[in-house]
Amino acid sequence: MQAPVQKPLLSVQGLVKHFPLKKDVLGRGGGVVRAVDDVNFQVLPGETLGVVGESGCGKSTTARLLMQLIEPTAGEVLFDGAKVGSRDLPLKEYRRQVQMVFQDSYASLNPRLTIEDSIAFGPQVHGVSGGVAVARARSLLAKVGLEPTRFAGRYPHELSGGQRQRVNIARALALQPRIVILDEAVSALDKSVEAQVLNLLLDLKDEFGLTYVFISHDLHVVRFISDRVMVMYLGEVAEVGAAETLFETPRHPYTKALLSSMPSMDPDRRTLVAPLAGDPPNPINPPGGCRFHPRCPKAEAVCGQVVPSRKALALPGVTQGVACLIHEPGSGHTLAALPTAQEAA
Amino acid sequence: MKPAEDTPALVDIRDLSVAFIGGRAPVKAVSGVSLRVRRGETVALIGESGSGKSVTLRTMLMLHAAKRTQLGGQLSVDGRDVLAMNEAELADYRGKVASMIFQEPLLALDPVYTVGAQIVESIRRHEPVSAAEAHARALKLFERVRIPSPERRLAAYPHEMSGGMRQRAMIALALACNPKLLLADEPTTALDATVQIQVLILLRELQQELGLSIVFVTHDIGAALEVADRIAVMYAGRIVEEGTARELIHAPRHPYTIALLRSRAHGAMAKGQRLVTIAGSPPDLSKLPPGCAFAERCRWAEDACRTQQPPAVEIAPGHRARCLRTEATSEAPSPP
């Protein structure tokens with residue numbers, strides 16, 4: 001499905017975001033939160049890239065960086081080969097093509113606009129005439145399963161959570177974008193409503209030929225909707241791969257632990273020992289070497305000293321890339337293969 | 001692990017109803033819930049938002065504003081009539097007989113006292129012990145809930161702890177006076193996956209070590225299956241199905257339970273396949289229909305379902321479903 005030659009629609013290179021911390025009155029503190037540290041990945045046209053990880057792993061910061069809602073500390077985002085924010089691709093033009101849906105369906109809608117006006121607002125900013133924009137809003141409302149004659153004039157507080165999230169999806173599509181970034185877009189919904197919205201997302205993707213970046217902490221949902229999945233830990237990418245391969249044969253010890261932390265769904269085969277102890281550490285002072293090594297069941301001394309290579313993560317067309325010394329020949333980890341002759345040279 | 005059938009019930013709820021008044025129309029959050037929890041048993045109440053699961057749980061500790069709440073039915077815990085208690089009796093009951101852990105420990109713990117001070121306060125409120133003795137007990141509790149370097153953590157403020165650690169501290173606080181009943185309101189929902197499983201395993205171990213009864217409220221079937229002996233599924237203020245965890249997952253009989261299990265984006269689902277959804281949304285609790293509240297979303301509904309409240313049908317000993325069509329639902333394909 002992913003031929004190696006396929007040109008990525010979105011390409012992220014060396015993305016870094018550090019948030020400086022305020023010093024206290026005595027000048028102590030300071031330091032930085034390393035929310036995203038050297039993240040590289042690509043999104044291929046027409047695919048759904050799932051992004052998973054625990055709180056503080058940088059998945060939402062990555063989404064905000066993709067939208068340029070916050071300035072990256074370093075690194076760049078290329079869209080269709082052009083650098084975002086350059087003369088070839090001004091920010092306004094980029095944002096027309098890349099839209100986002102947030103977790104909180106209520107906070108992301110203007111309470112003083114009817115939902116029809118909310119959806120029509122974006123296109124009007126981009127020069128579509130009022131009449132055309134409203135017509136488009138109505139047709140999108142119908143597409144997301146909200147009958148325009150009943151719903152167009154309503155305000156956000158008159159809708160249920162699932163209906164509001166449908167409005168947010170319709171608004172994201174109003175600019176006819178090529179990529180939609182969904183940041184925990186179904187996490188706040190009840191299970192039965194979540195299923196409806198997931199089905200809707202699948203239908204819309206087919207109909208409009210969309211590409212999704214789907215961020216969630218729910219592994220079942222990510223597996224269901226994604227073609228490829230990227231696993232993040234403490235601001236870095238731990239593993240990336242085709243969804244089925246990654247879920248069936250995880251290679252990074254963190255991915256393995258994350259997957260086996262999922263409830264078993266079988267009262268006769270309950271999990272007896274938690275795969276990991278403790279909480280994810282704070283991204284203010286991340287551990288050196290591999291950031292996962294203090295919690296890793298396979299960690300050795302070398303893991304605290306050597307940063308695993310990220311080369312394997314960003315290669316186009318690979319089915320599974322992992323940043324772990326165990327999978328790096330010649331890394332010095334006892335489970336790693338010896339270096340091949342050409343790598344040693 | 002399974003308590004014998006004849007173990008006396010610690011919690012006995014009969015036909016409990018809870019309505020919130022003061023709005024335009026009373027909101028019937030719970031209408032006629034009956035539930036028994038035996039000593040040493042873990043029961044999970046599952047359902048979606050507005051199903052009445054948290055309201056039922058909070059009523060067991062009488063946490064609703066008395067002025068705006070209409071209560072009906074009976075609720076006894078350890079032989080005491082909870083609905084009839086006055087404030088002083090409630091203060092003795094809370095923490096000593098039954099205590100609760102909440103979804104968000106940062107909001108439930110007092111930010112201006114150390115967690116150690118809060119545990120000591122709770123112990124000394126209920127038992128005539130010295131501060132030093134209470135402190136020693138707090139330390140033991142922290143060891144029991146497996147908080148690393150417990151002595152140092154007792155002196156920490158809630159904001160200085162990580163999410164998983166705070167939830168462990170709240171469990172320690174809830175267990176401070178050796179209650180018989182632990183009420184857990186979505187205790188793992190706000191936690192990360194790798195931490196959630198640790199807390200679920202901890203609850204299971206504590207239940208076995210201390211012989212606690214636990215009522216565990218969650219919207220996450222996976223979490224419920226990990227800890228519960230029995231599961232009660234709630235919809236629109238009623239328990240629509242109740243049975244052992246095994247029966248519920250392998251042989252659900254209420255249409256809502258069946259639909260809920262099938263609508264999950266579970267790992268075993270084939271890619272590209274559409275999810276089975278439940279059309280529509282839950283009913284407005286201030287305008288409940290006379291018949292089964294699920295009828296308008298139910299594929300098996302008949303006219304009779306819309307006019308009368310379905311009685312609880314006993315499918316197997318201890319496995320009950322409130323549905324008129326349990327004959328038909330037995331032929332539904334089992335959930336993936």
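1. In this predicted model, the axes of helix α6 (residues 161-173) of chain A and α7(A) come within 10 Å and cross at roughly 15°, where axes are lines fitted to C-alpha atoms, for helices over the stretch in contact, and angles run from 0 to 180 degrees between N-to-C directions. The two helices α6(A) and α7(A) are therefore roughly parallel to each other, given that angles under 35 degrees count as roughly parallel, over 145 as roughly antiparallel, 65 to 115 as roughly perpendicular and the rest as oblique. Their crossing is right-handed; a crossing is left-handed if the near helix is turned anticlockwise from the far one by less than a right angle, and right-handed if clockwise. On the side of α6(A) the contact is made by Gly161(A), Gly162(A), Gln165(A), Arg166(A), Ile169(A) and Leu173(A), and on the side of α7(A) by Val193(A), Gln196(A), Val197(A), Leu200(A), Leu204(A) and Phe208(A), two residues being in contact if their C-beta atoms, placed from the backbone, lie within 7 Å. By class these residues divide into seven nonpolar, four polar and one charged (Ala, Val, Leu, Ile, Met, Phe, Trp, Tyr, Cys and Pro count as nonpolar, Asp, Glu, Lys and Arg as charged, and the others, Gly among them, as polar).

2. On conventions, residues are numbered from 1 along each chain as its sequence is written, while chains are lettered from A and ligands numbered from 1 in the order in which they are written. As this is a predicted model, local features need pLDDT of at least 70 and side-chain atom pairs count only at pLDDT 80 or more, whereas totals for chains, interfaces and linings use all residues.

3. From α3(A) the contact draws on Glu116(A), Ile119(A), Ala120(A), Pro123(A) and Gln124(A), and from α4(A) on Gly130(A), Ala133(A), Val134(A), Arg136(A), Ala137(A), Arg138(A) and Leu140(A). Seven of the residues in this contact are nonpolar, two polar and three charged.

4. In chain B, the axes of α4 (residues 115-126) and α7 (residues 163-174) come within 9 Å and cross at roughly 15°. Helices α4(B) and α7(B) are therefore roughly parallel to each other, again with a right-handed crossing. Here Val115(B), Gln118(B), Ile119(B) and Ser122(B) of α4(B) meet Ala169(B), Ala172(B) and Leu173(B) of α7(B), a contact with five nonpolar, two polar and no charged residues.

5. Which elements give two or more residues to the side of chain A that touches chain B? The contact between the chains takes 36 residues from chain A and 34 residues from chain B, and the elements in question are α7 (191-208), α8 (219-225) and α10 (253-260) of chain A. The largest share, eight residues, comes from α7(A). By class, this side of chain A has 18 nonpolar, eleven polar and seven charged residues.

6. Chain A contains eleven helices and eleven strands, and chain B has 13 helices and twelve strands (helices, H or I, of at least four residues, and strands, E, of at least two, are DSSP runs, numbered from the N terminus). For the 336 residues of chain B the globule rule gives 20 Å, and the radius of gyration is 21 Å, so chain B is as compact as a globular protein of that length; the radius is taken over C-alpha atoms, and the rule is 2.2 Å times the number of residues to the power 0.38. The C-alpha trace of chain B spans about 65 × 50 × 45 Å along its principal axes, and the C-alpha atoms of chain A fill a box of roughly 65 × 55 × 55 Å.

7. On confidence, chain A has a mean pLDDT of 90 and chain B averages 91, pLDDT being the predictor's confidence in each residue, from 0 to 100. Among the elements of chain A, helix α11 (residues 341-344) has the lowest mean pLDDT (56) and strand β8 (residues 211-215) the highest (97). For the complex the predictor gives an ipTM of 0.84 and a pTM of 0.88.
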